[in-house]
Amino acid sequence: MQTETLSGGFASPATDAAHAFRAVMEAMARPGTLHHLAGVQPPAPLSPAAAAVLLTLCDVDTPICLGGAHDCDGLRRWIAFHTGAPLVGAADCAFALGAWEDLQPLSAYPEGTPEYPDRSATLIVELPRLSADGATLQGPGIADRAALSLPDLAAFQSNAARFPLGLDFIFTSGDLVAALPRSTRVS
Amino acid sequence: MTDAAYNFAYLDEQTKRMIRRAILKGLAIPGYQVPFASREMPMPYGWGTGGVQLTAAVMCPEDRFKVIDQGADDTTNAVSIRAFFERTAGVAATTRTDEATLIQTRHRIPEAPLRAGQVLVFQVPIPEPLRFLEPRESETRKMHALEEYGLMHVKLYEDISRHGHIATSYAYPVQVEGRYVMDPSPIPKFDNPKLGDCPAIQLFGAGREQRIYALPPYTRVVSLDFEDHPFEASKADHPCGLCGATDSYLDEVIMDDAGRRMFVCSDTDFCGQRQAAGHRGKDAA
């Protein structure tokens, strides 16, 4: 248990995090594109991609909300050791992590304020599969249209309708990552 | 080569994470200025501390890094920032726009078209386009929140009533995806059309003012104008004296005290490559 908590982080934190961030940035800048994120071996049920996202973006300044099966002892300890992020409820979090159904309802998360729309949560959604098909995406970052296997449609449509307020989503599955910012129109 | 006393790319990891989070929010809300806790950098404010912090946060060891200052690769600002990252990150530098994967720029967008996979980092002095019209940050925040941009159109209209045309020639305000009005940094308005529908990611950093904003690829960016006074991307009406290009942005160089002058491409890489390909202007030696 102890070794599982302490191990599994980036082998070379500065450059591994730089690579991981470039992948996440490309994913957020180009909704619908899939990117590989490997190099982290987290305890179950966390996927390597979601773990890399946590290590790249989270620290003591970013309260995390864990949902469902992800809210377990092993993962709490791993996150505490590797990021130091405080674990909080949905209303106070900067990041939320879990399966799609465990993160509901979306109205529980901060969506920013009209003056500061950036003060909103980013949801890291673990999906059983992730592929570039399914819902049609349009908006900034997409030349014409893109596609992504979203777990829902109406939720993302109403999120986009709140622009510039809203939540941003990072989808992970295994070592794959994709993202859906609030600016993307979904159909 | 790398200075082992520093972390990769100079900044500590916690600072990079803070900047990275701001970049992601900036990309999610194109044109919106995200506040960030700008650090002191080993160079004065006004020398591109915002751009340098963005560059440090996105840089990977494999990047080919290019720095331009008003289009030139060989001016003091560009040389020192390039040397800074060669030393603290050990990245390979280049002056060629097409080879570079990460480009930090002061006040120009390269002439060569950018492509997917490239990141363009702008150095921004005053990120708030409404600042000279409304000095209070609390008010400009509210104006952005309410999408209250009438004042900016009044300013452009006053230009027309005073000069007969919109006299703003650089830092020409744009509206992003029909929502946020954004300062494109002091690029000449000649470069404004390159902001929109660009395949590369564009990041803007203001160190002293502690703001980061971004344009994802293929974002709709419109320069503000009026139906009867449409936006015009202007440049000096001359060919380049060295390479003869007629479609590039030109600098005016005073040659002597008798009023002789010469117009040359501000983008040194573009001009150099054209000359290497055999193009000659009227002033070429």
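The sections below take the basis of the model, then the helix, then the pockets.

## Basis

The model is predicted: local features need pLDDT of at least 70 and side-chain atom pairs pLDDT 80 or more, while totals for chains, interfaces and linings use all residues. Residues are numbered from 1 along each chain as written, chains are lettered from A and ligands numbered from 1 in written order, and side-chain values use heavy atoms without hydrogens or water.

## Helix H4 of chain A

Helix H4(A) spans residues 73-82, and its Gly74(A), Leu75(A), Trp78(A) and Ile79(A) are buried (under 20% relative accessible area with a 1.4 Å probe, protein chains only). They lie on the same side of H4(A), because they cover an arc of only 125° around the axis, taken from the directions from the axis to the C-beta atoms. Helices are DSSP runs of H or I with at least four residues, and strands are runs of E with at least two.

The cover over these buried residues includes helices H1 (2-6) and H3 (48-57) and strands E2 (64-66) and E3 (95-99) of chain A, with contact meaning heavy atoms within 4.5 Å. Just after H4(A), Gly84(A) has a positive phi of about 75°.

## Largest pocket

The largest pocket holds about 520 Å³ of space. Of its 24 lining residues, Ala94(A), Asp118(A), Arg119(A), Arg21(B) and Lys25(B) are the closest to its centre. H1(B) gives the largest share of the lining, 5 residues. A pocket is an open set of points on a 1 Å grid over the protein atoms alone, where a 1.4 Å probe fits, with protein on both sides within 12 Å along at least five of seven lines; lining residues have an atom within 4 Å of a point. The volume is the space filled by probe spheres set on the points, which are joined across faces, edges and corners.

Conventions:
Buried means under 20% relative accessible area, exposed over 50%, partly exposed in between (1.4 Å probe, protein chains only).
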